[in-house]
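Work through the exercises below with the model open beside you. Try each task before reading its solution.

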Amino acid sequence: MNLFLKLFLVSLSLTQPCEAWAPSSVESSSASSAGTKDGLSRRNFMATSVAGAVLAGTSLTVQPAPAAAATTGLDLVQPNTLNGKVVVITGASTGLGLESAKALAKGGATVVLTARSEKKGATATDVVKQYLQAEGVQNDKLYTVLLDLDDLANVKSFPARFEKTLGEGTKIDVLMNNAGVMAIPDRQITKDGYERTFQSNHLGHFALTAKLTPYLKSDARIINVSSLAYQMAGKGLDLDNLNGEKEYSQWGSYGQSKLENILFTQELQRRADAEGIPLTATSLHPGAVNTDLARNMMGGEKVWYEKKERGPTNAMENILQATINKTLLTPEQGAATQVYLAATNDAEEKGKFYSDLKPQKLPAFATDEQMAKALWEQSEQLSGVKFSLKGN
Ligand SMILES: NC(=O)c1ccc[n+]([C@@H]2O[C@H](COP(=O)([O-])OP(=O)(O)OC[C@H]3O[C@@H](n4cnc5c(N)ncnc54)[C@H](OP(=O)(O)O)[C@@H]3O)[C@@H](O)[C@H]2O)c1
């Protein structure tokens, strides 16, 4: 199919875009390499950037134009409105996590930016500091704590690092489970033996939340960044294929993981309610946002950032760049819903799935209580972490 036609179709978010863009199924299993084997032309890079981000955020139904989404996460928070709050954001080194860190730090919250390396954490913290300085906001309570969701031992030791950095007895007001990967072309296996998308997007966050339970305030807010791509899970969660062992496809795995975020949220809320714990769990779709999320389908991190830095170098690439800019939300806009959920006190939202700052209806397969319970139990088994809310 002609490149521009594809681009056009994807940009309009037509009903079944995935087949046009993504290889339907990748059977291969590779140990850990990031990225694809084949080199991608820059033209494909730019086009797939649009497709990737659009698909990340879309839908199998038509979305509102970005122009309509004037609100940004930064607009939603005013200085000194979050003083005394402690917020932990996973995947804060870039994209929506970094934007959320900026907005919540602007409000005066203590913000813990998790990152996979000291360097990424320091760079992200500098970005937040520069933003605060430009806004004339004083907030030194920014911390980096290392976290790699693809390593369960690292996840399990996160609370110790958190306590060491923030001080004993520090309690968390907001846990934003934001980190994620999308559409990894081949079935990659983590050191724990799980398919990477499943572990990064769901299992790691499940274990992290369980381990952080004793550190959460009883009325904490747990925000799980999902996606409308949950619809790519088709008829619902395949409990016999959580790990992609029966069948793997890059979009299928992403869709399942985003459905898992939603089901985990609902089950967490049900269990908290049953225990009489006033925590609030929500999930959300940020929109189709121009972040670095498509990097795994684009040859990996190195290729992605090199090409991003170089920018468009010819007329065709300029057109594609303009299309990206027009089609997708900026990270500032995309972070609005998760920032809203972190900063609001609206009690109506418990257990709900949000988009555009509002709760959304979900189909039956995304509200299946039996499935959510079974996912919870399997997640406990696979992560080796018993999830008890009692210590909260
Ligand atoms: N962008 C969209 O259009 C869109 C749409 C719907 C939903 N979402 C969701 O939004 C969330 C944030 O994505 P984004 O768009 O901001 O993408 P992004 O710019 O690629 O940011 C993803 C973040 O997750 C981190 N991360 C990935 N794997 C990790 C792991 N194993 N352990 C710890 N951190 C890890 C990354 O850290 P590194 O830099 O170290 O890799 C990075 O900080 C994701 O959950 C995504 O599914 C995004």
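**Exercise 1. The ligand shell**

Which of the 31 residues around the ligand come nearest?

Solution. Start with the ground rules. This is a predicted model, in which local features need pLDDT of at least 70, side-chain atom pairs count only at pLDDT 80 or more, and totals for chains, interfaces and linings use all residues. Residues are numbered from 1 along each chain as its sequence is written.

Now find the nearest residues: Gly91, Gly95, Ala179, Gly180 and Thr291. A residue is near a molecule or strand if its C-beta atom, placed from the backbone, lies within 6 Å of it. Next, look for elements that give two or more residues to this shell: they are α3 (42–57) and α5. Helices (H or I, at least four residues) and strands (E, at least two) are DSSP runs, numbered from the N terminus. Finally, sort the shell by class: 13 nonpolar, 13 polar and 5 charged residues. Here Ala, Val, Leu, Ile, Met, Phe, Trp, Tyr, Cys and Pro count as nonpolar, Asp, Glu, Lys and Arg as charged, and the others, Gly among them, as polar.

**Exercise 2. Two helices, α5 and α6**

Describe how α5 packs against α6.

Solution. Take the geometry first. Helix α5 covers residues 95–106 and helix α6 covers 118–135; they pack at about 40°, with axes 10 Å apart. Axes are lines fitted to C-alpha atoms, for helices over the stretch in contact, and angles run from 0 to 180 degrees between N-to-C directions. The pair is therefore oblique. Angles under 35 degrees count as roughly parallel, over 145 as roughly antiparallel, 65 to 115 as roughly perpendicular and the rest as oblique.

Then list the contact. From α5 come Leu98, Ala101, Lys102, Ala105 and Lys106; from α6 come Ala124, Val127, Val128, Tyr131, Leu132 and Glu135. Two residues are in contact if their C-beta atoms, placed from the backbone, lie within 7 Å. By class, this contact has 8 nonpolar, no polar and 3 charged residues.

**Exercise 3. A second pair, α10 and α15**

What is the angle between α10 and α15?

Solution. The angle between α10 and helix α15 (residues 369–383) is about 95°, and their axes are 9 Å apart. They are therefore roughly perpendicular. On the α10 side, the contact uses Glu260, Leu263, Phe264, Gln266 and Glu267; on the α15 side, Met371, Ala372, Lys373, Leu375 and Trp376. These divide into 6 nonpolar, 1 polar and 3 charged.

Asp238 is found in the loop between β7 (216–225) and α10 (250–275).

**Exercise 4. Positive phi**

Where does Asn80 lie, and why does it count as exposed?

Solution. Asn80 lies in the loop between α4 (73–76) and β2 (86–89). It counts as exposed because it has 11 C-beta neighbours inside 10 Å. A residue is buried if 20 or more other C-beta atoms lie within 10 Å of its own, exposed if 12 or fewer, and partly exposed in between; C-beta atoms are placed from the backbone.

Now check the backbone. Most residues other than glycine have a negative phi. Asn80 has a positive phi of about 70°. Leu357 has a positive phi near 70°. Leu357 lies in the loop between β9 (353–355) and β10 (358–360). With 15 other C-beta atoms within 10 Å, Leu357 is partly exposed.
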